[in-house]
Amino acid sequence: MMKKTIDEAIDHLRDNHIRITPQRRLVLEYLIEKRNHPTVETIFKAVNAKEPSLSLATVYNSLKLLVDQGLVIELTSSEDGIHYDYYGHPHFHVICVNCGKIIDVDYPEYASDLAKIDRIAAKKTGYDIIANHIEVEGYCPECAQKNRSRKNSDSYFYFLNLSCGNNCYFIDIFFTSSTR
């Protein structure tokens, strides 16, 4: 399956008269094999280990070409910048707003739903729609659990002590509030 996917991607590049350099192939193979939504730095470290003469600029240029060809998409994460994903079949992403984890979500009607969104957008705006993608944001299960645990352990402490003059009247108010 993986070899077939790599071969199809390479055929796409050849069909568009793009030379398959060893460096481009390494970047493409990494993205197809790993599926980890890496940053350019992660890709560089991995492929540079296989090909030490590979420069960071070459990785950037290869990614730009693959994005321009529609084989790879860029995903923006507030946590650590742009991530890359091989886009061999239509799918969308769920991104954790806390830790930046990105997960692929396969949805059988995704391509037809996107086409419908394109038609509606074009009709309502007059734009010539050329691309789209959907990113859903939320908290991954691990971060959601941490947030629940943190909220359950938060308590609020209020203390008010009033005193006045020589006769010293004290009013103490003390309470805690917890979401448990």
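Modeller: Let us begin with a charged pair: glutamate 142 and lysine 101 form a salt bridge, with their closest N and O atoms 2.9 Å apart. Glutamate 142 belongs to helix α6 (residues 141–153) and lysine 101 to the loop between β3 (92–96) and β4 (102–105), so this pair ties together parts that are 41 residues apart in sequence. Please bear in mind that the model is predicted.

Colleague: Why is the contact between glutamate 142 and lysine 101 called a salt bridge?

Modeller: The term requires a side-chain nitrogen of Lys or Arg within 4 Å of a carboxyl oxygen of Asp or Glu. The closest N and O atoms of lysine 101 and glutamate 142 are 2.9 Å apart, so the pair meets that rule. The count by this rule comes to 5 salt bridges.

Colleague: What makes glutamate 142 and lysine 101 partly exposed?

Modeller: Partly exposed lies between the limits of under 20% for buried and over 50% for exposed. Glutamate 142 has a relative accessible area of 43% and is therefore partly exposed. Lysine 101, at 33%, is also counted as partly exposed.

Colleague: Which salt bridge does aspartate 7 form, and how far apart along the helix are the two residues?

Modeller: Aspartate 7 pairs with lysine 3, and their closest N and O atoms are 3.1 Å apart. Both residues lie in helix α1, and because they are 4 residues apart, about one helical turn separates them. Aspartate 7 is partly exposed at 29% relative accessibility, whereas lysine 3 is exposed at 59%.

Colleague: What is found for lysine 64 and aspartate 68?

Modeller: Their side chains meet in a salt bridge of 2.8 Å, N to O. The two residues lie in helix α4 and are 4 residues apart, about one turn of the helix. Both lysine 64 and aspartate 68 are exposed.

Colleague: Let us turn to the helices. Why are α2 and α4 called roughly perpendicular?

Modeller: The axes of helix α2 (residues 22–34) and helix α4 (residues 56–68) come within 9 Å and cross at roughly 70°. Angles of 65 to 115 degrees count as roughly perpendicular, and α2 and α4 are therefore given that description. The crossing of α2 past α4 is right-handed.

Colleague: What angle do α2 and α3 make, and what is that arrangement called?

Modeller: Helix α2 packs with helix α3 (residues 40–50) at an angle of about 120°, their axes being 10 Å apart.

Colleague: Where does phenylalanine 44 lie, and how far is its C-alpha atom from that of valine 27?

Modeller: Phenylalanine 44 is in helix α3. With a relative accessible area of 22%, phenylalanine 44 is partly exposed; the limit for buried is under 20%.

Colleague: How do you know whether histidine 17 and histidine 37 are buried or exposed?

Modeller: Histidine 17 has a relative accessible area of 76%, and over 50% means exposed. Histidine 37 is at 5%, and under 20% means buried. Histidine 17 lies in the loop between α1 (2–15) and α2, and histidine 37 in the loop between α2 and α3. Each has a positive phi in a residue other than glycine: near 60° for histidine 17 and near 50° for histidine 37.

Colleague: How many helices and strands does the chain contain, and what share of its residues is buried?

Modeller: The protein chain has 6 helices and 7 strands, in the order α-α-α-α-β-β-β-β-α-β-α-β-β along the sequence. Of its 180 residues, 27% are buried.

How values were computed. Residues are numbered from 1 along each chain as its sequence is written. This is a predicted model: local features need pLDDT of at least 70, side-chain atom pairs count only at pLDDT 80 or more; totals for chains, interfaces and linings use all residues. Side-chain values use heavy atoms; hydrogens and water are left out. Axes are lines fitted to C-alpha atoms, for helices over the stretch in contact, and angles run from 0 to 180 degrees between N-to-C directions. Angles under 35 degrees count as roughly parallel, over 145 as roughly antiparallel, 65 to 115 as roughly perpendicular and the rest as oblique. A crossing is left-handed if the near helix is turned anticlockwise from the far one by less than a right angle, and right-handed if clockwise. Buried means under 20% relative accessible area, exposed over 50%, partly exposed in between (1.4 Å probe, protein chains only).
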